[in-house]
Amino acid sequence: MSETLQTTDVAASDADLLAQTAIAVREAGSALRERFGEVVRYRTREELMRALAANDDTALDVLRPRLTRLRPDAGWVEDELDGGALPPGEWWVVDPAEGNVNHLHALPEWAVTATLVRGNQPVLTAVHLPLTGETYTALTGAGAHLDGRPLHVSRTADLGLSIVATSQARPDEDEKVVRRVGSSITAMLFDALVVRAAVPATLHLLNVAAGRIDAFWQFAGARADLLPGALLVTEAGGRISDAEGRPWTPQSQSFLAAAPGVHAEAVSTLSR
């Protein structure tokens, strides 16, 4: 039986709003889970895009009415490849099937995410992993949690003892960015213990927040990829910057999330 969303007016506290957002992503995840299990066959880029859109629409049919009811005046962003600053006000930044291509290939690394952005700052986020049933949440000033249990980033202080991760450049990315991704992986292979490279970014960032991975970096990127994990890592005690160590914003051309003890070393490696 699905959980029931209670109507929440605009005066509701952010904590209450986060609880209702978590219910919404869990219900959307249940709808996607029903479509999971067989590899989806496609022969052309057009067929792939239709299959991806079908998954997105399945989750959005659940998410859009529920989140709109929670914040009727908030804007809506669902294109996971969009980047840059948002206009003033509140916005829902949603990735209805983060790791969608994994879902189509019957791989387990996919999720549903919803983040409320206010004044271009993420205020709350909920990320649900339907295959494990886990829900990661974060609220500005109140910490990051996995199913209610507090999260804390790794206490590792040596990049040479660290597991680090990055994500693939997005489709049709500029050649310079693709080559920078490759050179950064090479640099990390020399300096870190283990380097993981896979999509989606959000799942790596969940692992940074939970202390399982010590650092994650990405070049370019999009709001829906990075905002949920950025808030989770920050609230779990991690450091967020661009790859050169400068403050990160959605307009930045790179992104780094790391345990405090390895952040400076990671910046040094990525800056080579």
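Reader: Before we get to volumes, what counts as a pocket here?
Author: A pocket is an open set of grid points with protein on both sides within 12 Å along at least five of seven lines. Keep in mind that this is a predicted model.

Reader: Thanks! How much space lies in the second largest pocket?
Author: About 310 Å³.

Reader: And which residues lie nearest its centre?
Author: Pro-108, Glu-109, Arg-196, Leu-203 and Asn-207 do, out of 21 residues that line the second largest pocket.

Reader: What's the lining like by class?
Author: The second largest pocket has 13 nonpolar residues in its lining, along with four polar and four charged ones.

Reader: Which element gives the largest share of that lining?
Author: Helix α5, with four residues. At least two residues each come from β5, β9 (194–197) and α5.

Reader: Nice link. What follows the helix?
Author: Gly-211 comes after α5, and its phi is positive, near 80°.

Reader: Switching to the sheet: what's the strand order?
Author: The order is β1-β2-β3-β4-β5-β6-β7, seven strands in an open sheet with mixed pairing.

Reader: Which strands stand at the edges?
Author: β1 (75–77) and β7 (149–150). Each has a single partner strand, so one side of each has no neighbour in the sheet.

Reader: And β3, is it enclosed or open to the outside?
Author: Largely enclosed by the rest of the structure, because seven of its eight residues are buried.

Reader: How does β3 pair with β2?
Author: The two run antiparallel and are joined by seven bridges. As an example, Glu-98 stands opposite Ala-111 in β3.

Reader: What about β3 and β4?
Author: That pair is antiparallel too, over seven bridges. Ala-114 has Ala-126 in β4 as its bridge partner. The hairpin of β3 and β4 has two residues between the strands, and Gly-119 there takes a positive phi near 60°.

Reader: How many bridges hold β5 and β6?
Author: Four, with strand β5 (residues 134–139) and strand β6 (residues 143–146) antiparallel. Tyr-136 stands opposite Leu-146 in β6.

Reader: Which strands does helix α1 touch?
Author: Helix α1 (residues 14–33) packs on the sheet and touches β2 (90–98), β3 (111–118), β4 (121–129) and β5. The direction of α1 makes about 35° with that of β4.

Reader: And where does α2 lie?
Author: Helix α2 (residues 45–70) lies across β1, β2 and β3, and runs at about 155° to β2.

Reader: What does Ala-22 touch?
Author: Leaving aside residues up to four places away in sequence, Ala-22 touches Ala-126, Thr-135 and Thr-137.

Reader: How far is Ala-22 from Val-127?
Author: The two are 7.5 Å apart in space, C-alpha to C-alpha, and 105 residues apart in sequence.

Terms used
Residues numbered from 1 in each chain as written. Predicted model: local features only at pLDDT ≥ 70, side-chain atom pairs only at ≥ 80, totals over all residues. Heavy atoms only, no water. Pairing = 2+ DSSP bridges. Contact = heavy atoms within 4.5 Å. Axes fitted to C-alpha atoms, helices over the stretch in contact; angles between N-to-C directions. 1 Å grid on protein atoms, 1.4 Å probe; cavity = no way out; pocket = protein on both sides within 12 Å on 5 of 7 lines; lining within 4 Å. Points joined across faces, edges and corners; volume = space filled by probe spheres on them. Nonpolar A, V, L, I, M, F, W, Y, C, P; charged D, E, K, R; others polar. Buried < 20%, exposed > 50% of the residue type's maximum accessible area, 1.4 Å probe, protein only.
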